[in-house]
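Please keep the sequence and the model in view while reading.

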Amino acid sequence: MTTTEIKTNDRTTTPATTVRSNPAVARLDFAKTAPKVFRAVIGLDAAARQGLDPALVELVQIRASHLNRCAYCLHMHTTDARKAGESEDRLHMVAVWQEAEHFFTDRERSALALTDAVTRIGDAGVPDEVYDRAAAHFTEEELAHLLALIFTINTWNRIALSTAKRAGTDER
């Protein structure tokens, strides 16, 4: 693997994204190696989705996958969104949703903002204004499910990235 250094916001340098020197070398199959953990994440994922609009679920999963640079999950969720009837225009705009607000409803934008904050929680936590904006668009139960969905997709992203899952190899 190779690592480069990058400068971030006039702070000290931090390691940039590493590139696998041999992507053909397989890593462990998480589902087979830790089946109870894998099933637990599937259970959390299923529970988190309950009561949320399926289109919103995909937008949140796509956005977190963009932020985490998870090609495997990004491919999976854009494919699922297309199958569910999501437009190409909206799929292309998820990465730049703040600049393309007219593509998304207020409710969707509040969910995407919350996704950004929770996914990047180490940067500034979850600002009150972001949380309050989401709370204005979702009931407490929906908000709890939305947060659980964001936690779950971040977990899936970390599983896929850590085990070097390749985009386009989803076997569902």
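Against which helices do the buried residues of H6 pack? The points below answer this question and then turn to other parts of the chain.

1. Basis of the note. This is a predicted model, in which local features need pLDDT of at least 70 and side-chain atom pairs count only at pLDDT 80 or more, whereas totals for chains, interfaces and linings use all residues. Residues are numbered from 1 along each chain as its sequence is written, and side-chain values use heavy atoms, with hydrogens and water left out.

2. Helix H6. The buried residues of H6 pack against H3, helix H5 (88–93), helix H7 (121–124), H8 and H9. Here, buried means under 20% relative accessible area, exposed means over 50%, and partly exposed lies in between, with a 1.4 Å probe and protein chains only. Of the 14 residues of H6, 12 are buried, so this helix is largely enclosed by the rest of the structure. Among them are Glu108, Arg109 and Asp116, as well as Leu112, Leu114 and Val118. The end C-alpha atoms of H6 are 20 Å apart, which agrees with the 20 Å that its 14 residues should span at 1.5 Å a residue; the expected span is 1.5 Å times one less than the number of residues.

3. Overall make-up. The protein has nine helices and two strands. Both kinds of element are DSSP runs numbered from the N terminus: helices are H or I with at least four residues, and strands are E with at least two. From the N terminus on, the order is β-β-α-α-α-α-α-α-α-α-α. Buried residues account for 37% of the 172 residues. The accessible surface comes to about 10,200 Å², and 55% of that surface belongs to carbon and sulfur atoms; such areas come from the Shrake-Rupley method with a 1.4 Å probe, and for residues only the protein chains shown count as cover.

4. Nonpolar cores. In soluble globular proteins, nonpolar side chains tend to be buried together. A nonpolar core is a set of buried Ala, Val, Leu, Ile, Met, Phe, Trp, Tyr and Cys residues joined through side-chain atoms within 4.5 Å. The largest such core has 27 residues, and those with the most contacts inside it are Val60, Leu114, Leu143, Leu146 and Leu149. Two or more residues of this core come from each of helix H3 (54–68), helix H6 (106–119), helix H8 (128–137) and H9. Another core, of 10 residues, lies apart from it and includes Ala64, Cys70, Tyr72 and Met76.

5. Contacts. A contact means heavy atoms within 4.5 Å. Leaving aside residues up to four places away in sequence, Val60 touches Ala111, Leu112, Thr115, Leu146, Leu149 and Ile150. Among contacts between residues at least 6 apart in sequence, 62% join residues at least 24 apart.

6. Aromatic rings. The structure holds two aromatic pairs. Rings of Phe, Tyr and Trp (its six-membered ring) pair if their centres lie within 6.5 Å; planes under 30 degrees apart count as stacked, over 60 as edge-to-face and the rest as tilted. The rings of Phe38 and Trp156 have centres 5.3 Å apart and planes at 70 degrees, so this pair is edge-to-face. Because Phe38 lies in helix H2 (residues 35–49) and Trp156 in helix H9 (residues 140–162), the pair ties together parts that are 118 residues apart in sequence. Phe38 is partly exposed at 23% relative accessible area, whereas Trp156 is buried at 16%. Ring pairs link Phe30, Phe38 and Trp156 into a cluster.

7. Cysteines. How many disulfides does the structure hold? There are zero disulfides, a disulfide being a pair of cysteine sulfur atoms within 2.5 Å. The sulfur of Cys70 has its closest cysteine sulfur in Cys73, at 3.4 Å, which is too far for a bond. Cys70 is buried at 1% relative accessibility, and Cys73 is buried at 4%.

8. Backbone angles. Most residues other than glycine have a negative phi, and most peptide bonds are trans. Arg69, which is not a glycine, has a positive phi of about 60 degrees. Arg69 is found in the loop between H3 and helix H4 (71–83) and is exposed, with a relative accessible area of 60%. Ala164 also has a positive phi, near 60 degrees, and lies in the segment after H9.
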